[in-house]
Amino acid sequence: MPSSSAPERYLTIPEVAERLGTTERFPRRLVAERRIAFVKVGRHVRIAESVLAAYIAARTVQPARGLRSGYGQAA
């Protein structure tokens with residue numbers, strides 16, 4: 001039975017860096033420190049799109065609602 005979804009796409013380090021808006025050094029550090037799941041293909045490192053999306057979602061900070069700081073208020 002054929003799969004209805006497209007196969008997983010694996011990204012190179014430069015592609016990951018571009019999607020994160022960083023230099024290549026940052027995703028290389030994530031891999032070296034084992035802070036993101038990756039696949040080794042020979043000496044090449046690849047990161048699945050779904051893994052990158054999960055990494056971004058896990059580190060997304062939601063805005064605080066109803067909290068106001070004291071900045072900008074007249075004394």
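Among contacts between residues at least 6 apart in sequence, 48% join residues at least 24 apart. This holds for a predicted model. The chain has 75 residues, and 17% of them count as buried. It contains three helices and three strands. Along the sequence they follow the pattern β-α-α-β-β-α.

Start with helix 1, residues 13–20. Its buried residues are Ile 13, Val 16 and Ala 17. Looking down the axis of helix 1, these buried residues fall within an arc of 100°, so they line one face of the helix. Just past the end of helix 1 comes Gly 21, with a positive phi of about 75°.

Now take the packing of helix 1 on helix 2. The two helices meet at an angle of about 115°, and their axes lie 8 Å apart. That angle makes helix 1 roughly perpendicular to helix 2. The crossing is right-handed. Helix 1 contributes Ile 13, Val 16, Ala 17 and Leu 20 to the contact. Helix 2 contributes Phe 26, Pro 27, Arg 28 and Val 31. By class, this contact has seven nonpolar residues, no polar ones and one charged residue.

Helix 2 has a buried side of its own. Which residues of helix 2 are buried? They are Pro 27, Leu 30 and Val 31. They span an arc of only 95° around the axis, which puts them on the same side of helix 2. These buried residues pack against helix 1, strand 3 and helix 3. The face turned away from the buried side carries Arg 25 and Ala 32, and both are exposed.

Follow the chain out of helix 2. Arg 34 sits in the loop between helix 2 and strand 2 (39–41). Is Arg 34 buried or exposed? Arg 34 is exposed, with a relative accessible area of 62%. Its backbone deserves a look too. Most residues other than glycine have a negative phi. Arg 34 has a positive phi of about 55°, although it is not a glycine.

Next comes strand 3, and with it Ile 47. Ile 47 is buried, with a relative accessible area of 1%. The cut-off for buried is under 20%, so Ile 47 qualifies. What does Ile 47 touch, leaving aside its neighbours within four places in sequence? Its contacts include Arg 9, Tyr 10 and Leu 11. Ile 13 and Val 16 are also in contact with Ile 47, and both are buried residues of helix 1. Ala 37 and Ile 47 are 10 residues apart along the chain, and their C-alpha atoms are separated by 6.9 Å.

Finish with helix 3 and its meeting with helix 1. The axes of these two helices come within 12 Å and cross at roughly 35°. This crossing is right-handed. The contact divides into four nonpolar residues, no polar ones and two charged ones.

One residue links these parts of the picture. Val 16 is buried in helix 1.

Definitions and conventions. Residues are numbered from 1 along each chain as its sequence is written. This is a predicted model: local features need pLDDT of at least 70, side-chain atom pairs count only at pLDDT 80 or more; totals for chains, interfaces and linings use all residues. Side-chain values use heavy atoms; hydrogens and water are left out. Buried means under 20% relative accessible area, exposed over 50%, partly exposed in between (1.4 Å probe, protein chains only). Helices (H or I, at least four residues) and strands (E, at least two) are DSSP runs, numbered from the N terminus. The arc is that of the directions from the helix axis to the C-beta atoms. Axes are lines fitted to C-alpha atoms, for helices over the stretch in contact, and angles run from 0 to 180 degrees between N-to-C directions. Angles under 35 degrees count as roughly parallel, over 145 as roughly antiparallel, 65 to 115 as roughly perpendicular and the rest as oblique. A crossing is left-handed if the near helix is turned anticlockwise from the far one by less than a right angle, and right-handed if clockwise. Contact means heavy atoms within 4.5 Å. Ala, Val, Leu, Ile, Met, Phe, Trp, Tyr, Cys and Pro count as nonpolar, Asp, Glu, Lys and Arg as charged, and the others, Gly among them, as polar.
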